[in-house]
Amino acid sequence: MIEPLLAVLADGKFHSGQALGKVLGVSRSAIWKQIKTIEESGLEIYSVKGRGYRIPGGLDLLHRELIEEALEPEVSDALNLIDLSLIIPSTNAKAMEAVYRDGHGSLYLAEQQTSGRGRRGRSWASPFASNLYFSLAWQFSNGAAALEGLSLAVGVALIRGLARLGIEDVEVKWPNDLLWRGRKLAGVLLEMSGDAAGDCFVVIGVGINVKMPEAAAEAIDQPWVDLQQALGVAPSRNRLLAELINELVPVLQQFSEEGFAVFRDEWQAVNAHHNQVISLNLGNRQELGVCRGVDQAGALLLEADGGLQAYHGGEVSVRLV
């Protein structure tokens, strides 16, 4: 009952319990119980005696039909399915569980994640129907070695997709973050399943801040930004998702054939730390140096003590000094 109830309340107007019950064919007390369940997800609902219930500002809910309409034909053909959930622990977790059942080109979406994850096990703020959380399962050949630089290529695709909506000044932070004027806008989490030396699936998880509620923002421990701040108004999440997928699918297809090298120059042009002093956290030690971009395989190039050293992904993290 929650999904049709949210669909009615999405307009941001007041709806009485009686009117909602009539539309959904249930009692007013049943509506009240569902409202309480929705509030437990963190979504704010105004309740005014004599007027009913209202979601302030309304909701921009995801709709599979609207997404499919905005996908380019060749991109739509490359997708096996679009799976839309209301509330799940994580789109990546769901994709990893279903990857051998649903297969290549399966796209998983959620209005909310209760256990959203970022890189290195960090939590990802995932409030209800506010931001964008999706995971795409994609099959590759030639094993894990051929996947080097994939997260960087995904970053290039996301910037292309954001540019379709007029979002400029987005940069990449090695190896998997998108920044807007120095603040975190989006993150990428890759997880692999299969033969490390042969055919394997990669689940590409993406989280983008679209319209972050203040209550959810309090839990974020680093400078962040959302698209509402960048554009002045939050874009349609359905169109945003479609435009990102319209760019992501062709990039993955090209990456499968040619690897990261063909995307290197484009990545270098939007490198947030180009020629800046950075600190690399390598677990039990740190390295300071000047960021010189990435090599043909996507490894980070750090110049220190007159020499140039390449660092690969894994547990390496980067901070601007």
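S90 sits in the loop between strand 3 (81–88) and helix 6 (91–102); helices (H or I, at least four residues) and strands (E, at least two) are DSSP runs, numbered from the N terminus. The model is predicted, so local features need pLDDT of at least 70 and side-chain atom pairs count only at pLDDT 80 or more, while totals for chains, interfaces and linings use all residues. Residues are numbered from 1 along each chain as its sequence is written, and side-chain values use heavy atoms, with hydrogens and water left out.

**S90**
- S90 is buried, at a relative accessible area of 4%; buried means under 20% (1.4 Å probe, protein chains only).
- A polar atom of the S90 side chain lies 3.1 Å from the backbone nitrogen of A93.

**Helix 10**
- Helix 10 covers residues 237–258, 22 residues in total.
- From first C-alpha to last, helix 10 reaches 31 Å, close to the expected 32 Å, which is 1.5 Å times one less than its number of residues.
- At the N-terminal end, S236 caps helix 10, with a side-chain oxygen 3.3 Å from the backbone nitrogen of N238.
- G259 follows helix 10 and has a positive phi, near 75°.

- Leaving aside neighbours within four places in sequence, I245 is in contact (heavy atoms within 4.5 Å) with L71, V75, L79, L107, F134 and P250.

Terms used. A polar contact is a pair of N or O atoms within 3.5 Å; within protein, one must be able to donate a hydrogen and the other to accept it, and residues adjacent in sequence count only if both atoms are side-chain atoms. Buried means under 20% relative accessible area, exposed over 50%, partly exposed in between (1.4 Å probe, protein chains only).
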